[in-house]
Amino acid sequence: RDRPLCEGRVDVGCRAVTAALFRSEAYRRNTEVRLTFCGHESQCNVDDMQSTSVVISGGLIRGLQPHEDAVASRLRLALDDASNSKQEGRERREEAGLRCIQGGFKQCVVDALHFCPSGSSVLVLTYDGDPIYVVMEKLRVKLTEGGTERREPQHVTVILGDHKGLTQQEFDDVANAVEGAGCELLRCTLGPVTLLGSQCITICHHYMDNFLHHCPDKLVEVHPEVAKMRRQRHDRGRASKAR
């Protein structure tokens, strides 16, 4: 809170997290968002090993509110813990669903695809790609071919550049990482109008919700008695803080 959100355009990253992880009264539980921070723009090298990427998982995050101050606070917590080489121990509630990756954009992409089953799809948003509705129809056919559910569901990874877009070297790095992971690379465009990053994420979610699948309200159904015990423990904690 002591530093303005516009410094280093942290506000852009915060809006991207909000667009990626939130819907009305719920998180997108099977969505994960990654942001690469590379320091001051004048010294920025997005693939420098001094860069850090923050990973926020919608399936694990707890108590995060959909506004920029709350998101910025969580990002700062993750980056501070990474820079201080935090020791393994009991995880605080605010740290759930957060982790950091040392290295820049290339390392972030490689790490993301490490968790993708072979045959998964990677969409790179670019001005000269195929229209998104065409790409989504291809993916819908691909994911439903054979008429049976796959034992290991395929992932869809969307890569969005900053206001400068991806350089040719960065695109080549993505292509090499995709090939190494056994995934499929698709170039996709959202249309002729330049949009904000958060708007791009919202549009991608809209098309994936309609063509592919939508995120469930809960990944795992909790037994009613367990849920009751959790609520009671939470209420006791709030009462103790009030005293």
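Before we start, one definition: helices here are DSSP runs of H or I with at least four residues, and they are numbered from the N terminus. Keep in mind that this is a predicted model.

**Exercise 1. Find the aromatic pairs, and work out how the rings of Tyr207 and Phe211 are arranged.**

Step 1. Rings pair if their centres lie within 6.5 Å, and by this rule there are two aromatic pairs.

Step 2. One of them is Phe22 with Tyr27, a tilted pair with 5.3 Å centre to centre and 55 degrees between the planes. Both Phe22 and Tyr27 are buried.

Step 3. Turn to Tyr207 and Phe211. Their ring centres are 6.1 Å apart and their planes are at 25 degrees. Planes under 30 degrees apart count as stacked, so the pair Tyr207 and Phe211 is stacked.

Step 4. Where do these two sit? Tyr207 and Phe211 are in helix α6 (residues 197–211), and because they are four residues apart there, about one helical turn separates them. As a general point, an α-helix has 3.6 residues a turn, so residues three or four places apart point the same way.

Step 5. Tyr207 has 23% relative accessibility, so Tyr207 counts as partly exposed. Phe211, with a relative accessible area of 24%, is partly exposed as well.

**Exercise 2. Work out which strands stand at the edges of the parallel sheet, and what lies across it.**

Step 1. Write down the order. This open sheet of three strands goes β7-β6-β8, and the pairing is parallel.

Step 2. Count partners. β7 (156–159) and β8 (184–189) each have a single partner strand, so they stand at the edges, with one side of each left without a neighbour in the sheet.

Step 3. Zoom in on one pairing. Strand β6 (residues 121–131) is joined to β8 by seven bridges. Val124 has Arg187 in β8 as its bridge partner. Arg187 also lies over the face of Phe171, at 4.5 Å from the ring centre.

Step 4. α5 (residues 168–180) lies across β6, β7 and β8, and runs at about 140 degrees to β8.

**Exercise 3. Describe the antiparallel sheet and the helices that pack on it.**

Step 1. Here the open sheet has three strands in the order β3-β4-β5, with antiparallel pairing. β3 and β5 are the edge strands, each pairing on one side only.

Step 2. Neighbouring strands of this sheet are turned by 20 degrees against each other on average, direction ignored.

Step 3. Between β3 and β4 there are six bridges. Leu35, for instance, has Val54 in β4 as its bridge partner.

Step 4. Place the helices. α1 lies across β3 and β4, at about 170 degrees to β3. α3 packs on the sheet too, touching β3, β4 and β5, with its direction at about 160 degrees to that of β3.

Step 5. Look into α3 (residues 105–114). Its buried residues are Phe105, Cys108, Val109, Asp111, Ala112 and Leu113. Their cover includes β3, β4, β5, β6, β7 and α5. Lys106 also lies in α3, but at 39% relative accessibility Lys106 counts as partly exposed.

**Exercise 4. Decide how α1 (residues 10–21) runs relative to α6.**

Step 1. Take the two axes: those of α1 and α6 come within 8 Å and cross at roughly 10 degrees.

Step 2. Angles under 35 degrees count as roughly parallel, so α1 is roughly parallel to α6.

Step 3. Name the residues in contact. α1 brings Arg15, Ala16, Ala19 and Ala20, while α6 brings Ser198, Ile201, Thr202 and His205.

Terms used:
Residues are numbered from 1 along each chain as its sequence is written. This is a predicted model: local features need pLDDT of at least 70, side-chain atom pairs count only at pLDDT 80 or more; totals for chains, interfaces and linings use all residues. Side-chain values use heavy atoms; hydrogens and water are left out. Rings of Phe, Tyr and Trp (its six-membered ring) pair if their centres lie within 6.5 Å; planes under 30 degrees apart count as stacked, over 60 as edge-to-face and the rest as tilted. Buried means under 20% relative accessible area, exposed over 50%, partly exposed in between (1.4 Å probe, protein chains only). Helices (H or I, at least four residues) and strands (E, at least two) are DSSP runs, numbered from the N terminus. A charge sits over a ring if NZ of Lys or CZ of Arg is within 6 Å of the ring centre and within 35 degrees of the ring normal. Two strands pair if DSSP finds at least two bridges between them. Contact means heavy atoms within 4.5 Å. Axes are lines fitted to C-alpha atoms, for helices over the stretch in contact, and angles run from 0 to 180 degrees between N-to-C directions. Angles under 35 degrees count as roughly parallel, over 145 as roughly antiparallel, 65 to 115 as roughly perpendicular and the rest as oblique.
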